Amino acid sequence: MLASWYDAQGPAADVLHVGELPDPVPGPDEVRVRVTVSGVNPGDTKKRRGWLGSSMPFPRVIPHSDAAGVIDAVGDQVDAHRVGQRVWVYGAQSYRPFGTAAQYTVVPDHQAVPLPDHLSDELGASLGIPGITAHRTVFADGPVDGRLVLVHGVLGGVGSLAAQLAHWAGATVIATVRRTADLDHVDPAVAHAVALDTGEPAAAIRSYAPRGVDRIIEVALSDNADLDNAVAANNAVIAAYATRADRTEIPFWPLLFNNVTLRLLGSDDFPAEAKRQAARDLTSAAAVGALTVAVGDRYPLDDIAKAHDRVDAGGGHGRILLTVPQ
């Protein structure tokens with residue numbers, strides 16, 4: 001099969017190779033997926049770079065955890081009727097060496113989720129890491145029906161899906177963008193939008209949530225800790241999946257007196273059942289049109305280094321995808 005891989009960590013252009021590797025064979029309880037579209041996440045490029053001192057987990061890595069495609073082979077103990085089924089894939093390179101930047105990937109049966117025929121491969125390849133992370137940020141602390149949910153970074157991959165999932169589940173959603181110029185990119189049917197470059201973002205958020213917000217979905221805790229403190233309701237939850245400063249400061253005593261819970265979320269190690277529930281809910285929400293994903297740049301598999309560099313540079317507001325030749 002045609003695949004991309006790296007045998008050492010480093011800059012994309014230096015370590016990513018594209019060529020032929022043996023076709024993988026599914027083992028017991030596994031399926032093989034012929035990949036059509038592979039999603040590129042910041043986590044994929046961080047692993048490749050050795051972010052935070054991480055080392056090579058395996059001698060050779062085929063990157064990327066997310067994809068869409070068609071099951072073409074199954075292992076023992078898997079229903080043979082799954083062959084030919086369109087699926088979206090998550091976790092392909094989570095604690096496994098060979099991900100989705102290839103014509104074929106092998107994953108545990110439950111990590112290849114049926115993709116309804118009316119949904120695109122591009123959407124399917126965008127539901128894995130960002131979708132499951134978004135789901136966990138919204139629902140880890142229970143239902144949000146009737147709650148006020150603040151989503152920071154709503155134009156990002158996780159933030160966009162978190163806002164849509166919260167809206168789908170019955171929450172009133174308030175969403176932030178960095179710049180006033182970005183307000184027009186937020187769907188008013190999903191969320192009330194607030195720009196952080198306004199003079200008083202806390203007051204703007206409080207205008208929609210006078211008693212404070214119940215849940216805060218946080219992409220930059222180091223930047224927003226004081227703002228979050230200013231708008232959190234008593235017993236609120238801050239669900240943080242990223243920060244800019246490795247050692248992040250928080251206004252401890254005000255948050256304590258407000259009985260705020262700080263939940264830190266690392267997607268590779270979510271409970272297995274939480275991932276399965278996320279997969280079910282993401283598919284259900286997408287099937288009824290409640291989830292959309294903005295697709296940014298698309299690259300052929302041969303240009304994977306350019307795709308990684310684009311993600312490392314910030315990626316813009318759209319999902320970065322690889323098209324895999326058939």
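Visitor: Which elements make the right-handed β-α-β unit here?

Guide: Look for a strand, then a helix, then another strand. In this predicted model, the right-handed unit is built from strand 8, helix 5 (residues 157-168) and strand 9. Strand 8 covers residues 148-151, and strand 9 covers residues 172-177.

Visitor: In which sense do strand 8 and strand 9 pair, parallel or antiparallel?

Guide: To read this, follow the bridges between the two strands. Strand 8 and strand 9 pair in the parallel sense, over four bridges. For one spot to look at, take Val-151, whose bridge partner in strand 9 is Ala-175.

Visitor: How many bridges join strand 8 to strand 11?

Guide: Three, and these two strands also run parallel. Strand 11 spans residues 213-218. Find Val-149 and look across to strand 11: the partner there is Arg-215.

Visitor: Are the faces of strand 8 covered or open?

Guide: Check the side chains on each side of the strand in turn. Leu-148 and Leu-150 sit on one side, Val-149 and Val-151 on the other, and all of them are buried. Both faces of strand 8 are therefore covered, as buried here means under 20% relative accessible area.

Visitor: How many residues apart along the chain are Thr-36 and Phe-58, and what separates their C-alpha atoms?

Guide: They are 22 residues apart along the chain, and 25 Å separates the C-alpha atoms.

Visitor: Where is Thr-45?

Guide: Thr-45 lies in helix 2, residues 42-49. Here the relative accessibility is 1%, so Thr-45 counts as buried. Again leaving out residues up to four places away in sequence, Thr-45 touches Val-40, His-308, Val-311 and Asp-312.

Visitor: Asp-312 again, please. Which residues are linked with Asp-312 in a network of salt bridges?

Guide: In a network, charged side chains are joined up as a group. Asp-312 is linked with Arg-48 and Arg-49.

Visitor: How many salt bridges does a search of the whole structure find?

Guide: The search finds 16. One of them joins the side chains of Glu-30 and Arg-96, at 3.2 Å from N to O. That pair links distant parts of the chain: Glu-30 is in strand 3, while Arg-96 is in the loop between strand 5 (86-89) and strand 6, 66 residues apart. Glu-30 counts as buried because its relative accessibility is 17%.

Visitor: What is the N to O distance for Asp-297 and Arg-310?

Guide: The side chains meet in a salt bridge at 2.7 Å. This pair also links distant parts of the chain, with Asp-297 in strand 14 (residues 295-300) and Arg-310 in helix 10 (residues 304-312), 13 residues apart. Asp-297 is partly exposed, at 29% relative accessible area, and Arg-310 is partly exposed at 29% too.

Visitor: Which residue meets Arg-280 in a salt bridge?

Guide: Glu-273, at 2.6 Å from N to O. Arg-280 counts as partly exposed with 40% relative accessibility, and Glu-273 counts as partly exposed with 46%.

Visitor: Which element gives the most to the nonpolar patch?

Guide: Helix 8 does, with four residues. Helix 8 (252-257) and strand 13 (261-264) each supply at least two. Phe-252 is in helix 8, and with a relative accessible area of 45% this phenylalanine is partly exposed.

Note on methods: Residues are numbered from 1 along each chain as its sequence is written. This is a predicted model: local features need pLDDT of at least 70, side-chain atom pairs count only at pLDDT 80 or more; totals for chains, interfaces and linings use all residues. Side-chain values use heavy atoms; hydrogens and water are left out. Buried means under 20% relative accessible area, exposed over 50%, partly exposed in between (1.4 Å probe, protein chains only). Two strands pair if DSSP finds at least two bridges between them. A crossover is right-handed if, with the strands pointing away from the viewer, the path from the first strand over the helix to the second runs clockwise. Contact means heavy atoms within 4.5 Å. A salt bridge is a side-chain nitrogen of Lys or Arg within 4 Å of a carboxyl oxygen of Asp or Glu.
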